[in-house]
Amino acid sequence: MSNIGIVLGRFHRKEGEEMLDEARAVAARRGLGIVAEVWVPGSMEKPLAIKRLLMRDDIAGAVALGIIERGETEHGNVMGHAVIRSLIDLQLQFMKPVGVGILGPGINPSQIPPRIRPYAAAAVNACADLIEQG
């Protein structure tokens, strides 16, 4: 059994809990053990938390879950691009997959509920697929 870690943002705690519930279910179906669940303040802190997980020998991949809502400024877009770029760079640095289930940037509040579980599931499945490919 391969192990993964999951990083979530506390800023959207309620939605994060639902994403985590879905991620746990998909991981179990895919035969993945979750050996770490790390809550960070928001999306900007996710790359560091993911890097710490990827450095562990007992972790084959990681999943980043959360939400970057549409704001009144471009902050969310800038942050979203920086976070996603950092997560891609970490995959390449460590040669371990990072499944990204971050809604947004720029998602409207009304778009969030129907996407919570599908994004979490897709992130775990992406990570599992790449772990299986070795």
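**Close-up 1. The lining of the largest pocket, by residue class and by element.** In this predicted model, the residues that line the largest pocket divide into eight nonpolar, 10 polar and six charged. The space in this pocket amounts to about 340 Å³, and of its 24 lining residues, those closest to the centre are Phe-11, His-12, Ile-67, Ile-68 and Met-79. At least two lining residues are supplied by each of helix H1, strand S3 (61-69) and helix H3 (75-94), and the largest share, five residues, comes from S3.

**Close-up 2. The second largest pocket and the residues around it.** The volume of the second largest pocket is about 200 Å³, and its lining is made up of Ala-60, Gln-91, Leu-92, Met-95, Lys-96, Pro-97, Leu-130, Ile-131 and Gly-134. Two or more of these lining residues are given by each of H3 and H4. Sorted by class, the lining of the second largest pocket holds six nonpolar, two polar and one charged residues.

**Close-up 3. Backbone geometry at Met-95.** Met-95, which is among the residues that line the second largest pocket, lies in the loop between H3 and S4. Although Met-95 is not a glycine, its phi is positive, at about 55 degrees. Most residues other than glycine have a negative phi.

**Close-up 4. The cis peptide bond between Gly-104 and Pro-105.** The peptide bond that runs from Gly-104 to Pro-105 is cis, and its omega is near 5 degrees. Most peptide bonds, by contrast, are trans. Pro-105 belongs to strand S4, which covers residues 98-107.

**Close-up 5. The packing of helix H1 against helix H4.** Helix H1 (residues 13-29) packs with helix H4 (residues 116-133) at an angle of about 40 degrees, and the axes of these two helices are 8 Å apart. H1 and H4 are therefore oblique to each other, and their crossing is right-handed. On the H1 side, the contact is made by Glu-15, Glu-18, Met-19, Asp-21, Glu-22, Ala-23, Val-26 and Ala-27, which meet Ile-116, Arg-117, Tyr-119, Ala-120, Ala-121, Val-124 and Asn-125 in H4. In terms of class, the contact of H1 with H4 comprises nine nonpolar, one polar and five charged residues.

**Close-up 6. The packing of helix H2 against helix H3.** Helix H2 (residues 46-54) and H3 pack with their axes 10 Å apart, at an angle of about 15 degrees. Because angles under 35 degrees count as roughly parallel, H2 and H3 are described as roughly parallel to each other, and the crossing in which H2 passes H3 is right-handed. From H2, the residues Pro-47, Ile-50, Lys-51 and Leu-54 meet Val-83, Ser-86, Leu-87, Leu-90, Gln-93 and Phe-94 in H3. Seven nonpolar, two polar and one charged residues make up the contact of H2 with H3.

Terms used
Residues are numbered from 1 along each chain as its sequence is written. This is a predicted model: local features need pLDDT of at least 70, side-chain atom pairs count only at pLDDT 80 or more; totals for chains, interfaces and linings use all residues. Side-chain values use heavy atoms; hydrogens and water are left out. Axes are lines fitted to C-alpha atoms, for helices over the stretch in contact, and angles run from 0 to 180 degrees between N-to-C directions. Helices (H or I, at least four residues) and strands (E, at least two) are DSSP runs, numbered from the N terminus. Angles under 35 degrees count as roughly parallel, over 145 as roughly antiparallel, 65 to 115 as roughly perpendicular and the rest as oblique. A crossing is left-handed if the near helix is turned anticlockwise from the far one by less than a right angle, and right-handed if clockwise. Contact means heavy atoms within 4.5 Å. Ala, Val, Leu, Ile, Met, Phe, Trp, Tyr, Cys and Pro count as nonpolar, Asp, Glu, Lys and Arg as charged, and the others, Gly among them, as polar. On a 1 Å grid over the protein atoms alone, a cavity is a set of points where a 1.4 Å probe fits but cannot get out, and a pocket is an open set with protein on both sides within 12 Å along at least five of seven lines; lining residues have an atom within 4 Å of a point. Grid points are joined across faces, edges and corners, and a volume is the space filled by probe spheres set on the points.
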